[in-house]
Amino acid sequence: MQTTAIVAKFEELFKKEPLISRAPGRVNIIGEHTDYNDGFVLPASVDKEMVFAIALNGTDTVNAFALDLNEQDSFKLDSIVPTEGWINYIKGVVAETAKKGLEPQGFDVVFAGDVPLGAGMSSSAALECGLATGLNKLFNGDLSKLDIVLASQMSEHNYAGVKCGIMDQFASTYGQTNKVIKLDCRTKEYEYHTLDITGHKLVLCNTNVTHSLASSEYNTRREQCEAGVEVIKKKYPEIINLRDVTVEMMKEFEGEMDQVIYNRCSYVVEENDRLEKACEFMDKGDLVNLGKMIYGSHEGLSKKYEVSCPELDFLVEQTLDDDSVLGARMMGGGFGGCTINLVKEDAVDAFIDRMTKAYKDGMGKDMLAYVVVIGPGARTEEAVEA
């Protein structure tokens, strides 16, 4: 991300030197639709980020400039109410960090980013966590990383109106170079696993489609999982939710519950199992078997959980006979967005060219590709001269 342009714009507008804060977008290696079932996820922060130049202004007003949009907006600290547009995210972070004990003061901010919008890389979490991290430093606060995560999540809930889980903000704040985070969505406990993909790259293939099914089907999946848990509880009353169900236990209920409900629940149980195995394979440096877990995740998401779409399935199918690809799957909520692909480094350019052409020929649509590197999470730094 080109920080110098952001600093230059800030100094032009506000005639002072800013503090810099930044936070990355994220990928999720495996563990999809497990979060609201109290399961595990395996995200990592990447080298696409939101960058902020900020400084106190000695007033009761926040002045914000969105460099990518070339738009400016302001609001007073004593009247923060949700509105439309990007300024809502700024308001949300100020309001929710204040609830965590941060004493808000008037400030000026210029921000921009290179996290692709609508690609499932969580540009909104990068915005929230990057600003919250910067304000914590600017206001001499003592918010912990978890405070920043929770405040950012609540700003998404209460201002953007999206009832997201904790994964995106957690990955953006806690990310480390070459590490993935195994996050327990029930307890918020986490551990790092090294993902050494030397000789390989993570390539995201963006379908450039968003199907309107996503939000309504998301709620339906939650209800279906809960319905399955009620059936399982009759035999295993100690079960709280699908997180507590083993693969062997789940098999006992085939034919005992509605087939669609069974498919939904067995996918979640199997995905948690695949994630545990994926961590073991990463620890051994076994990328081939890690790739098999990634493929298994897509198969389950497409066939059992049914949150894929023709475009995502097409992109994954194109990799199956490609020896340069170790694993591929849809990433995110589904019905559009990106596939994540583990590709041999020396074949990346050819892979992108082939996939772009195949997608255009097969689906009549343009595909965008992003090569991402696992990098550090949210942080602040002093501005260098532009």
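Is Phe 335 buried or exposed? Keep that in mind as you look around; we will come back to it at the last stop. One thing to know before you start is that this is a predicted model.

**The whole chain**

You can trace eleven helices and 13 strands along it. Turn the model about its principal axes, and the C-alpha atoms fill a box of roughly 65 × 50 × 40 Å. For a chain of 386 residues, a compact globule would have a radius of gyration near 21 Å, and the 22 Å found here agrees with that.

Buried residues make up 57% of the 386 residues. Next, show the contacts between residues with a separation of 6 or more: 71% of them join residues 24 or more positions apart.

**The surface and its charges**

**Stop one: Asn 37**

Select Asn 37 and zoom in. You are in the loop between strand E1 (19-28) and strand E2 (40-41). Asn 37 has a relative accessible area of 5%, so it counts as buried.

What does the side chain of Asn 37 reach? Follow it to the backbone oxygen of His 33, at 3.1 Å.

**Stop two: Asn 70**

Move on to Asn 70, in the loop between strand E4 (61-66) and strand E5 (71-76). Here the relative accessibility is 56%, so Asn 70 counts as exposed. Look at the backbone too: Asn 70 has a positive phi of about 55 degrees, although it is not a glycine.

**Stop three: Phe 335**

Finally, select Phe 335, which sits in the loop between strand E10 (325-331) and strand E11 (336-344). Phe 335 also has a positive phi, near 60 degrees, in a residue other than glycine.

And the opening question? Phe 335 is buried, because its relative accessible area is 5%, and the cut-off for buried is under 20%. Asn 70, by contrast, is exposed at 56%.

Conventions: Residues numbered from 1 in each chain as written. Predicted model: local features only at pLDDT ≥ 70, side-chain atom pairs only at ≥ 80, totals over all residues. Heavy atoms only, no water. Helix = DSSP H or I, 4+ residues; strand = E, 2+ residues; numbered from the N terminus. Rg over C-alpha atoms; globule rule 2.2 N^0.38 Å. Buried < 20%, exposed > 50% of the residue type's maximum accessible area, 1.4 Å probe, protein only. Contact = heavy atoms within 4.5 Å. Polar contact = N/O pair within 3.5 Å; in protein donor to acceptor, adjacent residues only side chain to side chain.
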